[in-house]
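Okay, thanks everyone, let me put this one up on the screen. I'll start with a bit of surface and then go on to the salt bridges.

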Amino acid sequence: MIAIHNNLRKSSFQLRWVNYCKGKEIPYKLVDSFSNDIIEDLKDCDAFMWHFHQYDEKDILMAKQLIYSLEQSGKKVFPNFKTVWHFDDKLGQKYLLESILVPLVPTYVFLDKKEAINWANNTNFPKVFKLRGGAGSQNVYLIKDLNEANKIINKAFGKGFPQYNSWRGLLERYDKYSRGLTDFKDVLKGVVRLFWKPDYARLFNNERGYVYFQEFVPNNDSDIRIIVIDGKAFGIKRMTRENDFRASGSGLILYDKELIDERCVAMAFDCNKKLKAQCIAYDFVFDKNNAPLLIEISYGFANAGYDDCPGYWDENLNWHEGKFNPYGWMVDLMIK
């Protein structure tokens, strides 16, 4: 039997998993992973699945610890350790991806203020500043010159950065509202956030004590996201916002297979073999020589954004036209 964490969030994989289990007559049960008795509740289960989120305060406190404990006890889990330990941790991803020799956008991390300032005084700009966590281009800024870099470095080793930037969050919501990607109610939520930050942001202190930069790769009006699951891959092209360099979270998605550079697909498959991961989304841009470079990775993704994908590739880069169910692939991993 497969245990599935009961999650009502719209972007959660849970409902997709449940529907697949029902259709294939796979035994499953919904469980409350936050229960004190969760280990007892899982005794009759062979596998456990939980699509946890980086912006849910309970998930942050509980998910990885429970998943790793169950995996160590011998149960099959999704996501497993190799798939998720680096989730929402760009610092961890830097060292991981460099260690497996992946073509990565050059990335710089400093845990000493003097070293960071010395580097800034001897590099060129612009650079991209990021916090170690965040999705949809949250906590991502273009640093245009040395003066801006020094301000960022001083703040990083001073009071630090809040987990959630209320003003920027409001502007993001309004931008999507102006492009018809959300409703006015969502904008009002952004206004509320000016006075009452989300629970996860109040759970933790400011991010401080380190600074993270990546090279700015110019002349990219989009990025390519490739998701690999169990020897199969599908992808989308995400366009940047107007007058912006960020594609993640823009909501501007193209699905045509001909727009996806298959070198990105091949690189994603190769990287996934090295990581031995169950499910990873790989984000790519292209350098001045039109060679793909990996930006970052994530095990999770917002499911609705991929429902219109026209097909998928296998590991031999053969194209399989037509609708497919990647959430069923995840369940299949549990019953192989």
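So, is Val191 buried, exposed or partly exposed? At 33% relative accessibility, Val191 counts as partly exposed; buried means under 20% relative accessible area, exposed over 50%, partly exposed in between, with a 1.4 Å probe and protein chains only. Before I go on, this is a predicted model: local features need pLDDT of at least 70, side-chain atom pairs count only at pLDDT 80 or more, and totals for chains, interfaces and linings use all residues. Numbering runs from 1 along each chain as its sequence is written, and side-chain values use heavy atoms, leaving out hydrogens and water.

Val191 sits in helix 9, residues 184–193 (helices are DSSP runs of H or I, at least four residues, strands are E runs of at least two, and both are numbered from the N terminus).

Now salt bridges, meaning a side-chain nitrogen of Lys or Arg within 4 Å of a carboxyl oxygen of Asp or Glu. The whole structure has 16 of them. Take Asp307 and Arg16, with the closest N and O atoms 3.1 Å apart. Asp307 is in the loop between strands 13 and 14 and Arg16 is in helix 1, so the pair ties together parts that are 291 residues apart in sequence. Asp307 is partly exposed at 33%, and Arg16 is partly exposed at 25%.

Then there's Asp230 with Lys336, at 2.8 Å, N to O. Here Asp230 is partly exposed at 24%, while Lys336 is exposed at 66%.

Last one: Asp223, Arg225, Arg238 and Asp283 are linked in a salt-bridge network.
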